[in-house]
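Here is a short report on one protein chain. Look over the sequence and the 3D view first, then read on.

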Amino acid sequence: MSSSHHSSSHSALPAEPVAFSVDLTHQEMLRRAQVMAALGPDWDPLEVLRGEEEAYDLLYSGLDPEQQRVYDELVAAGVLPVRGGGHAAA
């Protein structure tokens, strides 16, 4: 059988777009249930957030003057949130 054989049973593409939709609600609910199962019963979202805040405080602590200047510019531009009264934690 030749690979260049074309079937005449193939119809041409429609001239206008065809409406097409897929409802992924069931798949999304299944994905969320699987994520929660993977996190386990001991997962504490508030503790996770506290840990992230502590990590950010540590990340922005002990900056030298140039780093502090850049940090302050990023805060003023709205790129980074205000921490420790507008300056990096000491």
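The report below goes from the overall fold to helices, salt bridges, aromatic rings and a surface patch.

## Ground rules

This is a predicted model, where local features need pLDDT of at least 70, side-chain atom pairs count only at pLDDT 80 or more, and totals for chains, interfaces and linings use all residues. Residues are numbered from 1 along each chain as its sequence is written, and side-chain values use heavy atoms, with hydrogens and water left out.

## Overall fold

The protein chain has three helices and zero strands. Helices are DSSP runs of H or I with at least four residues, strands are runs of E with at least two, and both are numbered from the N terminus. Read from the N terminus, the order of elements is α-α-α.

How much of the chain is buried? Buried residues make up 8% of the 90 residues. Here, buried means under 20% relative accessible area, exposed means over 50%, and partly exposed lies in between (1.4 Å probe, protein chains only).

Helix α1 covers residues 25–39. Its 15 residues should span 21 Å at 1.5 Å a residue, and its end C-alpha atoms are 21 Å apart, so the two values agree. The expected span is 1.5 Å times one less than the number of residues in the helix. After α1 comes G40, with a positive phi near 85°.

Helix α2 covers residues 45–59. The check works here too: 15 residues should span 21 Å, and the end C-alpha atoms of α2 are 21 Å apart. D44 caps the N-terminal end of α2. A side-chain oxygen of D44 lies 3.1 Å from the backbone nitrogen of L46.

## Salt bridges

Side chains of opposite charge can pair when their charged atoms come close. A salt bridge is a side-chain nitrogen of Lys or Arg within 4 Å of a carboxyl oxygen of Asp or Glu. The structure holds five of these.

In helix α1, which residues lie about one helical turn apart? E28 and R32 do, because they are four residues apart. Their side chains meet in a salt bridge (2.9 Å, N to O). E28 is partly exposed at 27% relative accessible area. R32 is partly exposed too, at 47%. E28, R31 and R32 are linked in a network of salt bridges.

In helix α2, R50 and E47 are three residues apart, so about one helical turn separates them. They form a salt bridge, with the closest N and O atoms 3.1 Å apart. R50 is partly exposed at 42%, and E47 is partly exposed at 45%.

Helix α3 has the pair R69 and E73, four residues apart and therefore separated by about one helical turn. The side chains of R69 and E73 meet in a salt bridge at 2.4 Å, N to O. R69 is partly exposed at 37%, and E73 is partly exposed at 45%.

## Aromatic rings

A pair of aromatic rings is described by the distance of the centres and the angle of the planes. Rings of Phe, Tyr and Trp (its six-membered ring) pair if their centres lie within 6.5 Å; planes under 30 degrees apart count as stacked, over 60 as edge-to-face and the rest as tilted.

How many aromatic pairs does a search of the whole structure find? It finds two aromatic pairs. Y56 and Y60 are stacked, at 6.4 Å centre to centre with 5° between the planes. Y56 is partly exposed at 40%, whereas Y60 counts as buried at 15%. Y60 also pairs with Y71, and this pair is tilted: 5.0 Å centre to centre, 45° between the planes. Y60 and Y71 are both buried. Together, Y56, Y60 and Y71 form one aromatic cluster.

## A nonpolar surface patch

V35, M36, L39, W43 and V48 make a nonpolar surface patch of about 410 Å². Patch residues have over 30% relative accessible area and no salt bridge; like charges are joined within 9 Å, and nonpolar side chains (Val, Leu, Ile, Met, Phe, Trp, Tyr) within 5 Å. Accessible areas come from the Shrake-Rupley method with a 1.4 Å probe, and for residues only the protein chains shown count as cover.

Where does the largest share of the patch come from? Helix α1 gives that share, three residues. L39 is found in helix α1, and L39 is partly exposed at 37% relative accessible area.

Terms used: A polar contact is a pair of N or O atoms within 3.5 Å; within protein, one must be able to donate a hydrogen and the other to accept it, and residues adjacent in sequence count only if both atoms are side-chain atoms.
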